[in-house]
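Welcome! Take a look at the sequence and structure below, then try the exercises that follow.

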Amino acid sequence: MPTLLEMPDITMLNILEKCSYKSVLTLRKVCHSLRTFVDVSCFKTDLDNICITIGPNGFSVTCQNPKPWINGTGVAKDWTSNDLKVILKMVQNSKLSSFSVNTNPDSVRGLDDLEEILRNQTRPLQTERFRMGGSKVLKILPYLDSNTLKKIYIRPTNNRDVNQNLDGIENVMELEQFKHAVRLHISCFNPHGKLLFGWP
Amino acid sequence: MSVENAPVVDVDEAAIPVEKKMYYRFESNDKKEFRVSELAIQQSETLNRLVEAMGYTSEDVENKPAIAIENIDGKTLKLVFQWCEHHKGEAIPVDDGSVPKIVEIPEFDAKLMDIDNGLLFKLIWAADYLNIVQLLNVSCKKVANMAQGKTPAQLRRVYLLPSDEEDEAAKRAAQEAQDPRAREVEEEFEERKRQGGNSFF
């Protein structure tokens with residue numbers, strides 16, 4: 001009698017693409033064979049929106065598919081960078097509508113870990129909107145797909161950042177991601193004057 | 001002009017249904033025979049190409065032996081052909097890369113796939129082998145739906161999968177069965193136990 005593990009690879013991918021992202025993450029925990037298959041395969045998921053908050057004890061992650069009012073929101077706390085790697089690897093072949101990162105000035109290591117994961121992805125993360133809480137935009141923005149990214153939102157994480165300068169904003173302007181985007185929102189930072197005039 | 005053309009069109013239309021009522025005979029690996037209409041066969045890319053290449057006439061179908069499908073059993077093939085007959089003439093979906101595809105399981109398909117998991121996996125295997133795109137889509141969707149909201153332990157039961165520990169134990173057992181030295185040591189141990197000595201080491 002055939003089991004799921006004896007399915008041809010293409011059929012297995014067909015099944016994974018029809019599973020919700022939550023089911024894929026559960027299937028990954030069933031056995032070594034399935035975990036390896038999920039980790040090495042390229043398939044699209046229904047994951048649509050990822051919000052990562054960097055905290056002192058790890059990453060808090062909120063995930064949604066295109067119908068959160070039906071399928072609910074996935075919330076995970078105190079994730080390690082390995083957990084985060086799994087979910088970001090899973091969305092490599094999908095297009096997100098929104099990717100948000102909320103940084104924490106007291107947890108610089110977390111942002112470095114996230115940058116490392118994004119740098120090591122096979123292809124840049126595809127998202128239409130990118131929301132950054134914090135000033136270190138250059139740690140994330142270069143690793144997003146410039147052809148997909150349309151809107152960039154940057155805001156401070158706390159009152160300390162308000163009216164501070166955005167780090168390396170001149171370098172942001174050199175990025176393809178910046179040049180291709182159609183909308184940029186910067187709230188309560190003190191952006192470089194050149195940026196305002198340089199915006200197409 | 002148009003009045004003159006009309007009867008010609010009528011004759012053509014009348015001729016088409018006669019031509020289309022072509023059936024083919026297939027045989028499963030357990031020697032069960034099925035008669036399937038030509039239109040239903042079009043759902044399967046593999047079988048459609050096969051019958052096109054064979055170029056059978058209606059007489060050939062009756063006189064020559066049924067086309068053997070060596071690696072699918074009668075129970076599975078019956079489901080496959082039931083599905084094909086029900087969906088005959090429907091357009092075959094094209095993969096345009098807009099994944100994840102939204103697949104709805106129609107009522108007929110849901111009833112057809114109300115079977116045990118072993119048979120469902122055989123059906124998927126057959127749909128893949130015979131390249132029936134939409135049957136593969138709905139059956140994969142059914143398997144995907146089975147995973148919804150389950151824990152890993154529940155999924156192991158649903159998909160008839162061994163846990164890593166069971167898997168390793170089975171591998172070890174198989175390895176030991178293959179390794180004659182391991183068996184000899186075990187037999188020696190059993191022999192000493194029977195003789196009443198427990199001082200094997």
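**Exercise 1.** Which residue of β2(B) does Tyr23(B) stand opposite?

*Solution.* This is a predicted model, where local features need pLDDT of at least 70, side-chain atom pairs count only at pLDDT 80 or more, and totals for chains, interfaces and linings use all residues. Residues are numbered from 1 along each chain as its sequence is written, chains are lettered from A and ligands numbered from 1 in the order written, and side-chain values use heavy atoms, leaving out hydrogens and water.

Strands are DSSP runs of E, at least two residues, and helices are runs of H or I, at least four residues, numbered from the N terminus. Start with β1 (residues 23–27) of chain B, which 5 bridges join to the antiparallel β2(B). Across from Tyr23(B) you will find Ser37(B).

**Exercise 2.** Work out the strand order of the open sheet in chain B.

*Solution.* Strands pair if DSSP finds at least two bridges between them. The 3 strands run in the order β2-β1-β3, with mixed pairing. The edges are β2 (33–37) and β3 (67–68), each pairing on one side only.

**Exercise 3.** Which residues have the most contacts inside the largest nonpolar core?

*Solution.* Such a core joins buried Ala, Val, Leu, Ile, Met, Phe, Trp, Tyr and Cys residues through side-chain atoms within 4.5 Å; buried means under 20% relative accessible area, with a 1.4 Å probe and protein chains only. Of its 97 residues, Phe99(A), Phe130(A) and Tyr159(B) have the most contacts inside it. Helix α8 (residues 133–147) of chain B gives the largest share, 8 residues.

Technical notes
Buried < 20%, exposed > 50% of the residue type's maximum accessible area, 1.4 Å probe, protein only.
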